[in-house]
Amino acid sequence: MTTVRVAMTGFGNVGNQVAELIDRRREHFATHFGVEVLVTGVCGSTTGLIDPSRISPERLQHKAAFEPGLTGSAFMEQVNADVLVEAGPSDYSTGQPGLDYITSAINRGLHVIAVSKGALVVEGPTLLQSAREKGVQLLMSGASASALPTIDFLTYDLAGTHIKRIEAVLTGTTTFILDTMVSRNASFDEALAEAQQLGIAEPEPSFDVDGWDTAAKVVIIANAVFGVPLAISSLARESLRSLTAEQLGSWKADGLTPRLVGYVNQDEGQVEAGVGIRLYSAEHPFSLTRGSTKALYAETMDLGEFTLLGGASNPRATAAAALKDFHHILTSSE
Ligand SMILES: NC(=O)C1=CN([C@@H]2O[C@H](COP(=O)(O)OP(=O)(O)OC[C@H]3O[C@@H](n4cnc5c(N)ncnc54)[C@H](OP(=O)(O)O)[C@@H]3O)[C@@H](O)[C@H]2O)C=CC1
Ligand SMILES: N[C@@H](CC=O)C(=O)O
């Protein structure tokens, strides 16, 4: 049986779930793809663990046995792997630490599954080009709204048609905050704290509530789907902080549902993209989003219009989206 070795940089909420799912699906990988999947290395910000023969789930939980300093370039130089799952922090100004990990992985001939967004926002076009040149895959479902299919749907199911417009609820935390404030009369701070407890909100809440997370996903999707390199700083962007309880109450009374959405419009070679708060009538599918649900609307030239709603927003669902990418890698290697 062929062996596929997986390394992980960043081993927090999502990284742990990825390791758990890989373990749970070991038999499935063997039966369906004829491969044995082994986690051979993981690292966090200060420590790491490498074992080319396999790190069991039990050893992964024993953090005291991780080697100090086995992180960054030292980790990448020593780990034996075929696929890197990058699940470290997202930094939209430098792209680090993911940028160095992903660059190093591509240069070493590893396929990459990016869950963090920073590197893709800062250097997406370059990384995709390097991956093509090296003959490896750079997949990013976890970084582009996770369980909600965005890049896969737009590039595979809508292949070949001109996509005129997309509009999407891409940040589950923002749906969660708006829905919780309106349906339970919670304050902004209470709703945000609950989203943080659930592990959906970014460690830096400003990323979600000030629209940066949505903007990052817009940039990643625009680059991967439309081949349009956008600078995150150039996107018009609105924040949830501007909303008051009175404003939300008045929209509710008028039967309107507010959602923070990202949009990309393509018209005669011109691309307009941004992030804004939009209001939806009760009949609009986006009004059905509840909890931390996300949604995608696409208008095409020849295939008509589409709306996708749903998918869980949490670390487990993100890990499952990363493993969807892993399945794609296994399928295309068959
Ligand atoms: N949580 C979610 O639902 C989703 C998260 N994402 C993205 O996935 C990524 C991970 O999210 P999440 O797991 O929730 O975050 P966590 O904060 O739980 O985990 C982050 C991990 O990154 C590690 N880390 C920090 N700096 C470095 C470094 N220099 N080298 C290696 N590892 C490092 C941390 O290690 P240490 O503990 O040592 O500091 C920690 O293990 C983020 O980029 C986030 O934007 C995407 C979609 C959904
Ligand atoms: N904070 C994000 C999760 C990661 O992309 C969200 O709320 O959707």
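Biologist: Where is the place of Pro97?
Modeller: Helices (H or I, at least four residues) and strands (E, at least two) are DSSP runs numbered from the N terminus. On that count, Pro97 falls in the loop between strand 5 (83–86) and helix 5.

Biologist: In this predicted model, what pLDDT do local features need?
Modeller: Residues are numbered from 1 along each chain as its sequence is written, while chains are lettered from A and ligands numbered from 1 in the order in which they are written. Side-chain values use heavy atoms, with hydrogens and water left out; totals for chains, interfaces and linings use all residues, side-chain atom pairs count only at pLDDT 80 or more, and local features need pLDDT of at least 70.

Biologist: What is omega for the peptide bond that joins Gln96 and Pro97?
Modeller: Most peptide bonds are trans. The bond joining Gln96 and Pro97 is cis. Its omega is about 0°.

Biologist: Is Arg54 buried, partly exposed or exposed?
Modeller: Arg54 sits in the loop between strand 3 (47–50) and helix 3 (57–61). Its phi is positive, near 145°. Buried means under 20% relative accessible area, exposed over 50%, with partly exposed in between (1.4 Å probe, protein chains only). At 26%, Arg54 therefore counts as partly exposed.

Biologist: Ser146 has a positive phi; near what value?
Modeller: Most residues other than glycine have a negative phi. Ser146 lies in the loop between strand 7 and helix 7 (151–157) and is buried, at 7% relative accessibility. Its phi is near 55°.

Biologist: At which residue does helix 6 bend?
Modeller: The bend is the angle between axes fitted to the seven residues ending at a residue and the seven starting there. For helix 6 (residues 118–134) the value is about 90°, and Pro125 follows within four residues of the bend. The residue is Gly124.

Biologist: Which elements do the buried residues of helix 6 pack against?
Modeller: The buried set comprises Gly118, Ala119, Leu120, Val121, Gly124, Leu127, Leu128 and Ala131. Contact means heavy atoms within 4.5 Å. The partners are helix 5 (98–107), strand 6 (111–114), strand 7 (138–139) and helix 11 (212–226).

Biologist: Which residues of the "binding site" at Gly10 to Gly15 does the lining of the largest pocket include?
Modeller: The feature comes from an unreviewed UniProt entry; positions follow the numbering used here, feature names are shortened, and annotations may be inferred rather than shown by experiment. On a 1 Å grid over the protein atoms alone, a pocket is an open set of points with protein on both sides within 12 Å along at least five of seven lines, and lining residues have an atom within 4 Å of a point. The lining includes Gly10, Phe11, Gly12, Asn13, Val14 and Gly15.

Biologist: Why is Val14 counted as buried?
Modeller: Val14 lies in helix 1. It touches Val115, Pro315, Thr318 and Ala319, leaving aside residues up to four places away in sequence. Val14 counts as buried because its relative accessible area is 17%.

Biologist: Which residues come nearest to ligand 1?
Modeller: A residue is near a molecule if one of its heavy atoms lies within 4 Å of it. There are 25 residues around ligand 1, and the nearest are Val14, Ser45, Gly88, Ser90 and Tyr101.

Biologist: A polar side-chain atom of which residue lies 3.0 Å from a nitrogen atom of ligand 2?
Modeller: A polar contact is a pair of N or O atoms within 3.5 Å; within protein, one must be able to donate a hydrogen and the other to accept it, and residues adjacent in sequence count only if both atoms are side-chain atoms. A backbone N or O atom of Ile200 lies 2.9 Å from a nitrogen atom of ligand 2. A polar side-chain atom of the residue in question also lies 2.9 Å from an oxygen atom of ligand 1. The residue is Glu202.

Biologist: Which residues is Lys117 in contact with?
Modeller: Lys117 is found in the loop between strand 6 and helix 6, and UniProt's unreviewed entry marks it as a "binding site". Lys117 is among the residues surrounding ligand 2. Leaving aside neighbours within four places in sequence, its contacts are Ser90, Tyr92, Ala143, Glu202, Asp213, Ala216, Lys217 and Ile220.

Notes
On a 1 Å grid over the protein atoms alone, a cavity is a set of points where a 1.4 Å probe fits but cannot get out, and a pocket is an open set with protein on both sides within 12 Å along at least five of seven lines; lining residues have an atom within 4 Å of a point.
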